[in-house]
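Please work through each task before reading its solution.

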Amino acid sequence: MNWISSLEDKIKEKTAVVGIVGLGYVGLPLAVSFSKIFKVIGYNNHKEKVKMLQSGRSYIEDVKDEDINLETFRPTDDYYELEKCDFIIIAVPTPLRQDKSPDLSYIENAAETVGKILKKGHFVILKSTTYPGTTEDFMAPILEETSQLKVAEDFGLAYSPERVDPGNKEYNIENTANVVGGLTPEFTRICRMLFEDVTGTIIEVKDCKTAEAVKMIENIFRNVNIALVNELSLIFEKMDIDVWESIEAAKTKPYGFMPFYPGPGVGGHCIPLDPYYLSYRAKHFGIIPRFIETAGEINDFMPIHTVNLAKKGLQKMDKRLRGSRILLLGIAYKSNISDTRESPAKNIIEELKEAGASIKVYDPHSECIHTRYGSFKSEENFINNLEWADCAIIITDHDEFLENSAIINLIKKRELIVVDTRNALKLSKGDFDNYIKL
Ligand code: SAJ
């Protein structure tokens with residue numbers, strides 16, 4: 001098929017035009033990296049975001065304005081421009097529905113959009129995290145129906161899982177190994193060629209579903225291990241053992257161990273959601289994946305457990321949640337970033353609100369968080385609000401809170417109850433009865 005050799009030539013000559021559908025925390029960094037080597041057309045259906053990019057401004061924390069090179073990167077909200085592309089990479093969200101089943105509507109819409117401009121000789125790559133089988137059994141038929149073309153005969157198809165860790169200063173797309181799996185071995189090879197000068201080492205796998213399974217393994221590995229250490233924290237709390245001290249000691253084992261840490265719950269738009277993609281698909285193959293779903297239940301319990309700890313701390317001071325003033329320190333889902341998506345802070349605020357507490361939030365990185373009781377805006381000032389509070393709950397281990405002397409002094413003077421869900425203050429369990437650690 002000469003359209004394949006023509007794609008190979010365009011990659012070698014660096015004349016290939018790469019389209020990226022979805023310019024979020026995966027798509028935009030990808031567009032920036034590709035635009036260092038190829039011409040890139042970035043399509044997003046969010047007009048405001050496209051306008052920002054067209055004026056050289058980024059809305060993704062890990063992408064600086066100066067990374068946006070409008071000489072080689074063309075942001076657009078007109079999907080017809082994708083027609084000029086040779087490769088079209090789809091990097092759209094894969095959230096869950098209310099019942100925790102996969103919501104593939106973004107992939108469906110993107111495939112329909114791409115199908116409208118798809119031409120013989122195009123090559124489509126899916127980057128969104130999803131269950132094995134999505135690329136070949138769900139997305140390819142939509143591309144074929146909309147374009148009246150035949151996959152493999154008229155256009156190429158492959159899957160390559162995203163590996164973006166928001167806020168990670170060490171690893172980025174260009175130095176992280178990148179897995180690729182094509183519908184055919186030839187498409188896997190083409191995919192390798194396309195990515196090899198853009199990302200870290202290319203790891204070829206047999207086909208699309210194997211590549212989809214890789215990301216499922218990566219994220220379920222994290223989710224179940226976080227759930228394990230959360231469960232251990234609940235057990236060791238009853239045994240009056242400091243789980244943080246035990247993990248630090250376990251870390252000294254140079255082989256066969258990787259540390260995970262308990263927390264107030266699992267946030268972000270990957271780890272708490274992706275496992276349900278596989279557990280949903282597994283049931284269609286006759287398996288009930290108890291372990292995966294149990295891990296989710298344990299992680300979902302941690303926000304409630306955090307509220308229980310605050311209640312216990314207040315009771316020691318003859319106070320109740322109702323009417324108490326509670327300051328949440330951190331609303332982002334993990335340290336030193338602003339993202340509050342799926343943050344456990346949301347559930348904790350809702351539980352505290354229901355218990356009748358007065359709540360304020362402070363986060364040096366995030367402006368506000370939306371809950372069923374409306375939005376909670378971060379206070380300007382941190383120290384004054386410590387004085388205001390009966391109880392402070394450390395939810396996110398932002399650098400500002402680590403071993404913070406203002407908080408520690410108030411604990412030592414027994415003027416504040418502190419629930420530390422991240423071992424941010426590094427005080428030993430039991431040092432002060434008004435300092436409660438997970
Ligand atoms: N968490 C714990 N204990 C831990 C580790 C994490 O409670 O030991 C919590 C975090 O506080 C956070 C959540 O779990 O709320 C997720 O943490 P994470 O470190 O996995 O961070 P994410 O969600 O940003 O994971 C990202 C993901 N990539 C994208 O978001 C695009 C995921 O695909 C990666 O696997 C992950 O980075 C990674 O590999 O670090």
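**Exercise 1.** Determine in which pocket the ligand sits.

*Solution.* The ligand sits in the second largest pocket. On a 1 Å grid over the protein atoms alone, a pocket is an open set of points with protein on both sides within 12 Å along at least five of seven lines. A molecule sits in a pocket if more than half of its atoms lie within 2 Å of the grid points of that pocket. The model is a predicted one, in which local features need pLDDT of at least 70 and side-chain atom pairs count only at pLDDT 80 or more, while totals for chains, interfaces and linings use all residues. Residues are numbered from 1 along each chain as its sequence is written, and side-chain values use heavy atoms, with hydrogens and water left out.

**Exercise 2.** State how many residues surround the ligand, and give their classes.

*Solution.* First, 18 residues surround the ligand (a heavy atom within 4 Å); Tyr 25 and Lys 215 are among the closest. Next, the shell divides into ten nonpolar, two polar and six charged residues. Finally, domain 1 (2–206) and domain 2 (222–437) each supply at least three residues of this shell; the domain bounds come from an automatic or database assignment.

**Exercise 3.** Identify polar partners of the ligand's oxygen atoms (N or O pairs within 3.5 Å).

*Solution.* From the side chain of Asp 165, an N or O atom is 2.9 Å from a ligand oxygen. Gly 267 contributes a backbone N or O atom, also at 2.9 Å. Lys 334 places a polar side-chain atom 3.0 Å from a ligand oxygen.

How values were computed. Polar contact = N/O pair within 3.5 Å; in protein donor to acceptor, adjacent residues only side chain to side chain. 1 Å grid on protein atoms, 1.4 Å probe; cavity = no way out; pocket = protein on both sides within 12 Å on 5 of 7 lines; lining within 4 Å. Nonpolar A, V, L, I, M, F, W, Y, C, P; charged D, E, K, R; others polar.
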